[in-house]
Every structure is written in structure tokens, then in C-alpha cells.
Amino acid sequence: MILAESFSKIRPAYISAAPNVKIPEVPITSRSFRLSLRPNAWNHTGHYLAPGKIGKVKSDIPCAIQIGSQSLQLFLKEGPWKRYPVITHRVTIHPNEELEIASPFGGICYIISQLPVPGQFTFTDFSFYPFYTYKQVDSCESTKSYSEVGTGEISCKGITFTMPYDEIMRIEDISKFCDLYGALLQNLNSHLYSKLVQPHRVVFEQDMPNDDAIYNEVMYLPLSSCSQLTDLSQLPNQH
């Protein structure tokens with residue numbers, strides 16, 4: 001915990017990429033956008049920050065920026081570990097103040113808010129990452145040039161999957177994948193007579209305290225189970 005909290009207290013200029021962590025060669029970009037935030041959720045930005053690189057964030061509302069998806073800490077697990085025990089951290093953003101951010105591990109960037117409010121954000125010197133959404137059929141092709149990031153996301157209706165890019169490329173038909181899981185979740189909600197308050201998120205972890213699924217803000221599944229969920233031949237047709 002102390003290690004995780006220390007990242008945000010170190011000046012970004014003094015943060016470099018951690019040993020043996022690959023720095024992807026991907027285009028750097030900047031953009032401003034408006035986003036309606038869901039409370040206590042990992043709000044998607046579409047941005048990625050490379051290890052040891054400095055990005056700048058400005059917001060007109062108080063919030064936090066999370067760098068990285070694999071937020072499970074491995075200190076209580078017996079080694080050897082497959083990754084560093086802590087590779088994700090959050091930084092508090094104050095309204096209308098541009099803040100520099102850096103991480104020794106890099107990662108996908110999310111916005112965290114305690115309130116359901118809209119905000120205006122500017123991300124400077126960040127990258128994108130492979131992302132597919134059922135709302136835009138060509139989104140995967142338009143972000144392919146960022147494949148060196150190594151991690152991507154698939155957004156289905158009601159649920160988003162975060163997984164290695166190689167696993168995404170093994171999916172024969174991503175549109176069908178989205179349709180199947182979107183329908184599956186909708187059917188489940190209808191049988192439970194419940195209304196989906198906010199989309200679910202599943203993160204496939206390369207290293208976990210054990211082989212069981214863990215729910216902590218999002219659901220974590222072992223990477224070894226990824227192929228079982230992405231093999232369309234094993235999935236029932238939804239009608």
C-alpha cells in the first residue's frame with residue numbers, strides 16, 4: 001500500500017520506466033473532450049500513458065486519474081510473481097489546474113469521480129490504445145496502430161473486457177463477440193428483474209493472489225481463463 005501511494009507523491013520528472021518494462025513506440029497526441037462521469041466507476045477516456053512518460057491532465061471538476069488496469073496488489077501472494085506487485089495508482093485532480101502525471105509502468109487511463117457529473121477534460125501528451133466498441137464498428141481498425149501498447153479493451157453493451165491485445169486478435173468476429181455478451185448480460189438482467197445501473201468491467205490478470213475470480217470495483221479473472229470466454233465456438237447463440 002505504501003508503494004502504491006508513493007507514486008503520486010514523486011515528481012513526474014523523476015519517474016522513469018521500471019526495469020524490464022517495455023516502452024511501446026506509439027504516437028503521442030493531445031485532445032480535449034467532454035464526458036459525463038458515472039460515480040465510483042472506471043470512466044473510459046480512450047487514453048494510454050507510456051511507462052516513464054509525462055502526460056498533463058486538466059479538468060473543470062474535482063476527480064482522480066487512474067493509470068493502469070491491473071490494480072490487484074500481490075504482496076500477500078507467494079512468489080515468484082509474473083509482474084511487479086503494484087503497477088496501478090491514482091492521482092487527484094483539482095478543478096482548472098493542469099497536473100503532470102507519470103508512471104513507471106504506464107497503463108490505460110481512467111477518470112474516477114464520486115459524483116455523477118459531466119466534466120471537460122484535456123489530456124496532453126498521451127497516446128491511445130486498441131479499443132473496440134459495439135457502438136462504432138470500425139473503432140478496432142482505427143486504433144490498430146497502437147497495438148504495441150499490448151493491452152486493449154472490448155466494450156459490449158453493459159460490459160467491457162480489458163485483455164492483452166494478442167487475445168483480442170484471436171477473436172474471430174469481434175462484432176459477434178459483442179452481440180453475444182451484450183445479449184447474455186441483458187437476458188441475465190431480465191431474469192433477475194434488475195436494471196443495470198452502470199456497465200460491468202472485467203479485467204484479465206496475468207497474476208492473481210489465487211485462481212478464483214475477484215471483485216473489487218471491477219471483476220478480475222485469471223488470464224488463463226480468457227481463451228474460454230473469447231472462443232466463440234464455445235458460446236451459445238443468444239436469441
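Predicted model: local features only at pLDDT ≥ 70, side-chain atom pairs only at ≥ 80, totals over all residues.

Reader: What makes the largest nonpolar core a core?

Author: A nonpolar core is a set of buried nonpolar residues joined through side-chain atoms within 4.5 Å. Here 19 residues belong to the set, and Ile154, Cys156, Phe161, Met163, Ile174, Phe177 and Phe204 touch the most other members. β10, β11, α4 and β12 each supply at least two residues, with the largest share, 6 residues, coming from α4.

Reader: Which residues is Met163 in contact with, leaving aside its neighbours within four places in sequence?

Author: Thr151, Gly152, Ile154, Ile168, Phe204, Cys226 and Thr230. Contact means heavy atoms within 4.5 Å, so each of those seven meets that cut-off with Met163. Another core of 17 residues lies apart, with Trp42, Ile108, Val149 and Val218 among them.

Reader: Why are β9 and β13 said to stand at the edges?

Author: The open sheet runs β9-β10-β11-β12-β14-β13, with mixed pairing. β9 (131-133) and β13 (214-216) each have a single partner strand, so one side of each has no neighbour in the sheet.

Reader: What makes β12 and β14 a pair?

Author: Pairing takes at least two bridges, and these strands have 4, in the parallel sense, so they qualify. Glu205 stands opposite Pro222 in β14.

How values were computed: Residues numbered from 1 in each chain as written. Heavy atoms only, no water. Buried < 20%, exposed > 50% of the residue type's maximum accessible area, 1.4 Å probe, protein only.
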